[in-house]
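Here is a short note for a colleague opening this model for the first time. Please read it with the structure on screen.

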Amino acid sequence: MKLVTAIIKPFKLDDVREALSEMGVQGMTVTEVKGFGRQKGHTELYRGAEYVVDFLPKVKIEVAIDGTQLEGVVDAITKAANTGKVGDGKIFVSPLEEVVRIRTGESGPDAV
Amino acid sequence: MINAGDTAWMIVATALVLLMTLPGLALFYGGLVRSRNVLSVFMQCMSLAALMSVLWLLAGYSIAFGGDGPYWGGLGKALLAGVDATSVSGTIPEVLFFAFQMTFAIITPALIVGAYVERIGYGFVLLFSSLWMLLCYAPVAHWIWGGGWLAELDVKDFAGGIVVHETAGLAALVLALMLGPRREQKPPHNPGYVMLGAGLLWVGWFGFNGGSQLAADGGAAMALTVTHISAAAASLTWAAWERIKLGKASLVGLVTGTIAGLASITPASGYVSPGEALLIGAIAGVLCQWAVRAIKEQLKIDDTLDVFAVHGVGGIFGTIMIGVLGHGSLSAQATALLAVGVFTIVVTWVLAKLCALLTPLRVSTEDEVEGLDYAAHGERAYDLNS
């Protein structure tokens, strides 16, 4: 089992959710986050004074999946979240030791 | 002889001017500061409204309007001595004139708040503002509106370009200079509040300028109309100039233009035509915007919310335009600006030095970093997990 964590541009969330649903992903967790990568921050102007904003708003998606789905999921996110411009985000994949569905107590791949 | 129509309008105008401070100015300023300081700004505005009202009754009104001396009105009407519901001022009850003028004595020290937000001591705000209203604002109001020496020179200041905006603007500049800059300069935490405040100020200004006619007549209607036209023109030119110079027209910019247009038309609102108001407003939107950057970038004075650049420069500009457009003597206008300017700077500096001996001018570094909401008042504006 794998945990896929993707940081994407907020306006791409709907596209990514749709792409993942289409390929059978059953659920996800979404968090509004802030951070920076190669895009760095940006500046805001108020009454002509410049303020540097170091951290930009992004959306973090977490999806727990069966290992066999990994390639498809990464591919779907990559395609759906891509704008070709700096700041599109990253995908982190990590091994997932255990998953338990709280309602039934099922565990392992049956629970993802 | 009391006129019912005039009285009715002046009661409404009095409420409109109070609305400018509560909550107009409080929101306008509160949205521009960091989230950790928004309550302190609300607190300062509300406290000043209460405190200035009491002081206006105790002595302020008398100093400004209590008598005909060239320099001050004396203490004959302290605590409204000798004034009751039957006393008449022009065509309205004198107590209504007192109340209308009280709302001006509230907003003028409250305008200065913008200069010292995020780092001032609360005790200092109360002590300084009290003395400043009594010893700077009230005398100047007497000189120009209360039959004092500048009134004798036929100086024209319909609703307070000199009395309100020049005095508040210069006091703001002096205090900002004495206080030094904020440790950390962050962008406005809630431009939405700024817009709400500016909207209330715009509407309230109908009472400020329209009410300064002290009658429900064509003069009041014209004052209200030219006020509106100037605000509209300055909003547009500020935003347009911002779009040209910086690439985007911003909400904070547009509504700051609104206030610049309102401050600029204030002294002239009883004299100019709608076409002239259009001109005054259009220039104000660019002029005050230039002043904001000149004071922050060239002079390096952290007049934090641009009180001088918007109110001071706007009020002075409008006062000069009365002469330029031929509605008054340019030399009389210049004399008044100069005399009031020097007087304001000196009195503000002396009072601030004096007050700082009694209560700290600036909060500790720790309190400034923590934010004045919690450090000074023990409250927080936004507890997102509550």
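1. Overall size of chain B. The radius of gyration is taken over C-alpha atoms, and the globule rule is 2.2 Å times the number of residues to the power 0.38. For the 386 residues of chain B, that rule gives a value near 21 Å for a compact globule; chain B has 20 Å, so the two agree. Its C-alpha trace spans about 60 × 50 × 40 Å along the principal axes.

2. Ground rules. This is a predicted model, in which local features need pLDDT of at least 70 and side-chain atom pairs count only at pLDDT 80 or more, while totals for chains, interfaces and linings use all residues. Residues are numbered from 1 along each chain as its sequence is written, chains are lettered from A and ligands numbered from 1 in the order in which they are written, and side-chain values use heavy atoms, with hydrogens and water left out.

3. Overall size of chain A. What radius of gyration does chain A have? The value is 17 Å, but a compact globule of 112 residues would have one near 13 Å. The C-alpha atoms of chain A fill a box of roughly 60 × 25 × 20 Å along the principal axes.

4. Secondary structure. Helices (H or I, at least four residues) and strands (E, at least two) are DSSP runs, numbered from the N terminus. Chain B has 14 helices and 2 strands. Chain A has 2 helices and 6 strands. Along the sequence, chain A reads β-α-β-β-β-β-α-β.

5. The sheet of chain A. Two strands pair if DSSP finds at least two bridges between them. Strands of a sheet pair through backbone hydrogen bonds, either parallel or antiparallel. In chain A, 4 strands form an open sheet in the order 2-5-1-6, with antiparallel pairing. Strand 2 (29–35) and strand 6 are the edge strands, each pairing on one side only. Neighbouring strands of this sheet are turned by 20 degrees against each other on average, direction ignored. Axes here are lines fitted to C-alpha atoms (for helices, over the stretch in contact), and angles run from 0 to 180 degrees between N-to-C directions.

6. Strand 1 of chain A, pair by pair. Strand 1 (residues 2–8) pairs with strand 5 (residues 56–65) in the antiparallel sense over 7 bridges. Strand 1 also pairs with strand 6 (residues 89–95), antiparallel and over 7 bridges. Look at A:T5. Its bridge partner in strand 5 is A:E62, and its bridge partner in strand 6 is A:F92. A:I7 stands opposite A:K60 in strand 5.

7. Helix 1 of chain A. Which strands does helix 1 (residues 13–22) of chain A lie across? They are strand 1, strand 2 and strand 5 of chain A, and the helix runs at about 10 degrees to strand 5.

8. Helices 1 and 2 of chain B. The axes of helix 1 (residues 4–30) and helix 2 (residues 38–65) of chain B come within 9 Å and cross at roughly 150 degrees. The two are therefore roughly antiparallel. (Under 35 degrees counts as roughly parallel, over 145 as roughly antiparallel, 65 to 115 as roughly perpendicular and the rest as oblique.) Contact means heavy atoms within 4.5 Å. Among the residues that meet are B:L22, B:L25 and B:Y29 in helix 1 and B:V41, B:F42 and B:M46 in helix 2. The contact divides into 11 nonpolar, 2 polar and no charged residues. Here Ala, Val, Leu, Ile, Met, Phe, Trp, Tyr, Cys and Pro count as nonpolar, Asp, Glu, Lys and Arg as charged, and the others, Gly among them, as polar.

9. Helices 9 and 11 of chain B. The axes of helix 9 (residues 251–265) and helix 11 (residues 307–324) of chain B come within 7 Å and cross at roughly 40 degrees. That makes helix 9 oblique to helix 11. The contact includes B:T256 and B:I259 of helix 9 and B:G314 and B:F317 of helix 11. By class, this contact has 5 nonpolar, 6 polar and no charged residues.

10. Backbone points to check. Most residues other than glycine have a negative phi, and most peptide bonds are trans. The bond from B:L22 to B:P23 is cis, with omega near 5 degrees. B:P23 is found in helix 1 of chain B. B:D154 has a positive phi, near 65 degrees. B:D154 lies in the loop between helix 5 (149–152) and helix 6 (161–179) of chain B.
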